[in-house]
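Welcome! Let us take a walk through this structure together, one part after another.

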Amino acid sequence: MSLPVTAKVPFGGDYNPEQWPEDVWKQDHRLFDSARIDLVTLGVFDWALTQPAEDVYDFSLLDRIVERAAAEGRGICLATGTGAHPAWLATAYPEVTRTDFEGRKRRFGQRHNSCPSSPVYRRLSVELARRVARRYADTPAVVAWHVGNEYGGACYCDLCAAGFRGWLRNRYGTLDDLNAAWYTTFWSHTFTDWEQIEPPSALTEHWRGPDHTAFQGITLDYLRFSSDAMLANFHDEKAAIRESSPTLPVTTNFMGMYRPIDYHRWAAHLDFASWDNYPPDDESAARMALTHDLMRGLKDGQPFWLMEQSPGVTACRDVNPLKRPGVMRLWSWQAVAHGADAVLFFQLRACRGASEKYHGAVIGHSGRSDTRVFREVAELGAELVRLGSASLGARTPARVALLFDWDSWWALEISDGPSRLVRYQQVVLAYHRALWDAGVDLDVVAVTADLSGYDVVVAPALHMLKGDLAQRLEDVAARGGSVLTTYLSGRVDENDQAFLMDVPGPLGQLTGVRVDEWDARGPEVVNPVRLGHGAEAVDVEARLLFELVIPQGAQVVGTYQADFYAGTPAVTRNSFGDGDGWYVATDLDQTGVSWVVRQVIARHDVLGPYPDVADLESAVRVAPDGSRLLFLLNHRADAVEVPARRGGVDLLTGDRIWTGSTVRLPAYGVVVLKEDW
Ligand code: GLA
Ligand code: ZN
């Protein structure tokens with residue numbers, strides 16, 4: 001099972017006509033026609049509607065919505081509706097609401113609010129999914145199932161505690177093994193009965209943050225358990241769908257780089273990945289590219305769906321800026337450039353009330369089509385029609401891999417020491433930014449991914465080293481590839497216990513260094529680092545964490561310039577087999593990170609066509625028929641001109657572009673060049 005079968009990139013999004021009178025539906029569909037909207041996501045929050053009481057199911061309104069959408073020729077991504085539970089359920093079974101980290105029992109009144117371990121919630125959500133699937137499985141317009149919505153958060157109730165103990169028994173088998181894994185001899189934490197184990201909580205003396213305590217073994221495993229508990233919810237709903245719908249693809253909408261859920265552990269259970277793109281600001285082009293690549297990496301490079309994005313503004317933030325003219329289009333094409341095989345919005349028509357009444361929508365409260373947003377949506381719709389099937393199923397021909405690892409993220413950020421100021425995502429973003437600026441096509445993959453096809457593997461803050469990963473990274477270098485890793489890598493094993501060897505543990509051979517000690521400082525402390533030698537040398541700044549490196553065969557590429565370790569290595573390169581193992585021992589500024597990354601990739605032919613044109617993004621996809629699509633995305637507010645490296649046809653305009661001719665991209669402009677064979 002993989003992606004839904006569609007003739008072109010589906011275009012549309014969340015549509016909630018149950019919120020307004022039926023005479024408006026007709027208008028909606030006329031407007032959808034004019035915007036070339038061909039897919040609607042229905043029923044995401046319909047539980048209270050479709051099951052108004054425990055023993056009453058009522059699909060009459062959803063039937064009409066589905067029938068109307070189908071009659072209008074729209075494809076349907078149909079939700080199970082379990083993203084929020086109804087009031088009657090919370091009243092009849094208080095166990096279904098969550099308990100927070102502070103130990104407070106939540107009351108009814110939110111969404112994404114169900115305890116994943118509650119037997120009642122599990123039984124009734126699965127039953128609803130079963131009935132939705134049974135009812136609509138034979139509706140040909142339905143092309144995909146959408147389970148739940150944005151799984152996330154965590155619950156710390158007694159049912160979850162019991163679930164956690166079961167999960168631990170399954171993982172460790174015996175209390176002896178659990179005690180060993182959690183290193184419980186420390187602080188007299190030894191457990192002699194499973195019942196003594198409780199979830200981490202702010203009610204313990206040593207709580208450290210909104211989801212963790214100084215009891216690191218429990219904290220780490222509870223993060224793993226929570227992710228798995230919600231995965232079980234997804235899995236159970238999917239199984240219920242499968243009883244009547246054996247083949248239609250099933251997904252749930254992810255949230256990109258979202259810490260509480262290990263999407264790599266979920267990925268195999270989804271038929272296709274999908275995600276909701278709500279960047280924090282309009283400076284997020286590189287971050288969005290990274291996130292798209294992460295989502296594409298979930299299913300081994302299989303395209304994903306952009307399940308949601310706002311056509312204009314969001315509503316949930318303190319301040320909700322408007323996407324500038326052209327930006328929604330640009331970001332939509334960016335998603336396609338990185339592997340999206342659907343472009344969908346939240347939402348197609350604005351809610352009239354409640355907390356999202358000011359959230360952007362394709363159709364606003366007045367129902368007009370002569371708005372800027374509607375016009376831009378309609379233009380994009382027409383472009384996607386013109387694109388047709390050209391990009392469907394196309395893959396990214398990446399030879400560079402960036403490793404992303406939720407366990408490392410968790411272990412690093414729940415750790416006491418060396419520094420709470422080092423944030424996993426920031427480290428990953430910096431290394432990704434350097435690759436993005438260089439126009440490198442890359443895959444963002446799990447540490448378990450097959451690395452044998454990559455020339456370069458970048459592993460920032462690879463804190464936890466599991467399984468045979470060190471060996472597989474050595475293999476990359478041995479056959480001539482380059483591996484780059486950084487400070488705080490190779491520190492702990494899968495139980496978050498230090499390796500009884502020099503840092504960076506099993507990465508020591510590959511990197512040819514040992515880290516003797518480390519110094520953490522506040523952000524105001526800068527240690528200058530000199531990169532390179534002689535006339536070519538570049539001075540950059542390093543902050544937060546300074547590892548003191550003693551080369552064990554590695555060449556010194558950069559050195560600290562200040563403090564008692566002035567003159568010692570900050571960046572090294574080790575020859576390993578036919579390739580290299582690079583080590584960056586400190587938090588270099590972006591100039592420094594980019595300098596190092598350019599050195600690392602210099603031996604490999606992976607630069608994009610315009611590595612020195614700032615904010616001109618390029619990305620390649622290769623379609624199943626072998627044709628190469630080069631996406632050029634101008635993230636600047638002014639025009640840019642570049643020479644065409646290869647000729648082809650711009651699929652958005654039909655214009656022919658000759659090799660060497662000038663390609664002009666206006667502000668926020670996009671070119672989709674189908675290159676000549
Ligand atoms: C999320 C949800 C939607 C909606 C949007 C608003 O992605 O899935 O239901 O709330 O945010 O941005
Ligand atoms: Zn719970």
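**A guided tour of the chain**

UniProt, in an unreviewed entry, places the feature "domain: Glycoside hydrolase family 42 N-terminal" at residues 14-385. What you are looking at is a predicted model, and in it this stretch is 39% helix and 10% strand.

Which residues hold it? The zinc ion (ligand 2) is coordinated through the SG atoms of C115, C155, C157 and C160, at 2.2 to 2.3 Å. Angles between the 4 donor atoms around this ion run from 100 to 118 degrees, and because four donors count as tetrahedral when all angles lie between 85 and 135 degrees, the arrangement is tetrahedral.

Along the sequence, the donor residues of the zinc ion (ligand 2) follow the spacing C-x39-C-x1-C-x2-C. C115 sits in the loop between α4 (87-92) and α5 (119-136), while C160 belongs to helix α6 (residues 158-172), so this pair ties together parts that are 45 residues apart in sequence. Are these two cysteines, C115 and C160, buried or exposed? C115 counts as buried because its relative accessibility is 0%, and C160 is buried too, with a relative accessible area of 1%.

Strand β23 (residues 616-622) and β24 run antiparallel, joined by 7 bridges. One pairing to look for is R621, whose bridge partner in β24 is L629. The two strands, β23 and β24, form a hairpin with 5 residues between them. In the turn, G626 has a positive phi of about 95 degrees.

Strand β24 also has another partner: with strand β29 (residues 670-675) it pairs in the antiparallel sense over 5 bridges. How many residues of strand β24 (residues 628-634) are buried? The strand is mostly covered, with 6 of its 7 residues buried.

Note on methods
Residues numbered from 1 in each chain as written. Chains lettered and ligands numbered in written order. Predicted model: local features only at pLDDT ≥ 70, side-chain atom pairs only at ≥ 80, totals over all residues. Heavy atoms only, no water. UniProt positions renumbered as here; feature names shortened; annotations may be inferred. Helix = DSSP H or I, 4+ residues; strand = E, 2+ residues; numbered from the N terminus. Buried < 20%, exposed > 50% of the residue type's maximum accessible area, 1.4 Å probe, protein only. Pairing = 2+ DSSP bridges. Donors = N, O, S within 2.8 Å, 3.2 Å for Na, K, Ca; no water. Tetrahedral: all angles 85-135°; square planar, octahedral: opposite > 155°, others 65-115°.
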